[in-house]
Amino acid sequence: MESGFPSGNTSKHSNGEDWPVWKALAEPDPGLTVAPERLFADLLVIGESLAGLSAALHAARLGLDVVLLETAAPGAPALAIPDAFVHSPHWPERGHGELNLVQPDAPGELFAFLAREDIEAAPRRGGVIHAVSGQEQLAVTGEQVRRWRAAGANIRLLNDADIVFLTGAWGWTGGWLEEDGGTLDPVSLQAGLRHLCHQAGVRFHLLPVLSALESREGGLQASHAAGRIDAAFMLLADSRLSPALVPELAKSLVPARLDELASLPLSRELQGEILPFGHAAVDEIGAFHFLKGPGGHLMASALYRGRRARQQKTSLEQRLYAASPLLKTGDILYRRVSRLLATADGVPRLYQPRERFFALAGWEEAGAALSFKLGRRLAEAFAGTGNLDLPVDLLRPVSLWRRWRLPWFG
């Protein structure tokens with residue numbers, strides 16, 4: 001199978017050649033079949049996010065019979081820049097104090113898994129810079145970093161001069177450096193997880209239009225036009241699929257827009273000025289990510305949620321040029337805009353709309369390490385070999401949800 005973007009996700013050089021930003025699957029799995037009229041499983045995973053694939057793989061290896069329903073074009077999340085980040089964000093102070101996401105072992109766990117399973121996902125353990133703006137936020141960050149270090153996180157505080165030196169970008173007052181973090185190729189990781197799932201006996205089927213979800217004794221039943229699916233546990237791993245299946249979940253989220261781009265290869269001068277030591281960087285407040293990808297391309301993304309998804313006037317290019325003034329306008333090779341549903345405050349959440357049914361939201365921003373670890377912990381909980389030990393959020397419809405709706409969500 002040749003590498004390159006799947007249909008609809010290619011970008012063109014000026015000479016017209018396809019340019020693969022990430023090494024991706026060229027075609028959907030040829031063995032993908034429509035779900036049969038009756039389907040039974042211990043665990044049904046709906047959606048092929050990294051957390052969903054991880055849950056399916058680990059559950060199958062623990063002896064569960066697993067079915068994964070996926071879209072028609074697996075392995076093609078375009079640039080998927082947030083998922084390329086391997087880090088352990090620390091969110092306890094962001095309106096969700098009981099959320100224990102200080103997981104300093106998550107990046108190391110994922111990197112060790114890649115090496116053990118021989119997945120060629122171009123891992124790079126260069127560290128991740130978390131940048132903040134404003135003296136007040138910097139003071140809060142300093143206190144947070146001291147607590148996180150006491151919890152075992154391998155991080156250190158950065159001032160404004162450190163940020164400029166390590167990123168080549170201006171405008172941030174400081175932040176911290178997560179030494180154990182890094183980046184990887186998310187499409188190759190996804191492909192590797194799919195391959196391991198097949199080996200472990202996970203059954204893949206094309207996602208039908210699920211019209212109803214009902215509780216049954218000892219499990220759940222999902223109906224679709226051609227039949228129904230019975231499972232002891234179900235996991236909705238992609239919040240974009242929630243409006244039809246779990247409307248109350250969709251109303252607890254806000255529409256979001258993920259803008260992504262990649263530049264032409266940076267000049268030798270810019271290679272030495274922008275992220276010169278191989279770090280990746282994320283703006284903790286603005287959900288602005290940037291890193292150097294394959295071939296010296298600068299890759300960036302920004303997530304806008306709620307009203308900002310509709311009203312945002314500052315383009316991702318403008319934000320990138322403002323951060324790195326040496327970058328010249330017009331050097332953008334690839335652009336993509338994706339629509340998704342996100343939590344209002346940017347904190348990833350786990351919901352349980354009904355008994356034995358779990359749903360994920362906001363994990364697109366969490367990065368590959370936490371998504372992978374969440375999948376493993378969910379699988380252990382489903383198999384009865386471990387405790388999830390994460391809070392399950394209540395479904396709370398977002399105020400003015402209808403006014404925040406965007407055209408692409410109906």
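This is a predicted model: local features need pLDDT of at least 70, side-chain atom pairs count only at pLDDT 80 or more; totals for chains, interfaces and linings use all residues.
The chain holds 13 helices and 19 strands, and of its 410 residues 57% count as buried. If we take the contacts in the chain with a separation of 6 or more, 73% of them are accounted for by residues 24 or more positions apart.

Let me begin with strand E3, which covers residues 66–70. Here 5 of the 5 residues are buried, so the strand is largely enclosed by the rest of the structure. Val66, Leu68 and Glu70 point one way from E3, while Val67 and Leu69 point the other way, and each of these side chains belongs to a buried residue.

Which strands, then, pair with E3? One is strand E2, residues 38–46, which pairs with E3 in the parallel sense over 4 bridges, and in that pairing Leu44 stands opposite Val67 in E3. To get from E2 to E3 the chain passes through helix H1, residues 50–61, and this β-α-β crossover is right-handed. Another is strand E9, residues 203–206, again paired with E3 in the parallel sense over 4 bridges, with Leu68 standing opposite Phe204 in E9.

I turn now to helix H5, residues 160–167, and start at its beginning, where a side-chain oxygen of Asn159 comes to within 3.1 Å of the backbone nitrogen of Ala161. Within the helix, Ile163, Leu166 and Thr167 are buried. Why can we say that these buried residues line one face of H5? Looking down the helix axis, we find that they fall within an arc of 80°, and therefore they line one face. The elements that cover the buried residues of H5 include strands E5 (128–132), E6 (155–159), E7 (174–178), E14 (280–283) and E15 (288–292). Just after the helix, Gly168 takes a positive phi of about 75°.

Finally, let us look at helix H12, residues 368–383, which has 16 residues and reaches 23 Å from its first C-alpha to its last, close to the 22 Å expected at 1.5 Å a residue. How much of this helix is covered? H12 is mostly covered, since 13 of its 16 residues are buried, and just after H12 comes Gly384, which takes a positive phi of about 80°.

Key
Residues are numbered from 1 along each chain as its sequence is written. Side-chain values use heavy atoms; hydrogens and water are left out. Helices (H or I, at least four residues) and strands (E, at least two) are DSSP runs, numbered from the N terminus. The expected span of a helix is 1.5 Å times one less than its number of residues. Buried means under 20% relative accessible area, exposed over 50%, partly exposed in between (1.4 Å probe, protein chains only). The arc is that of the directions from the helix axis to the C-beta atoms. Contact means heavy atoms within 4.5 Å. A polar contact is a pair of N or O atoms within 3.5 Å; within protein, one must be able to donate a hydrogen and the other to accept it, and residues adjacent in sequence count only if both atoms are side-chain atoms. Two strands pair if DSSP finds at least two bridges between them. A crossover is right-handed if, with the strands pointing away from the viewer, the path from the first strand over the helix to the second runs clockwise.
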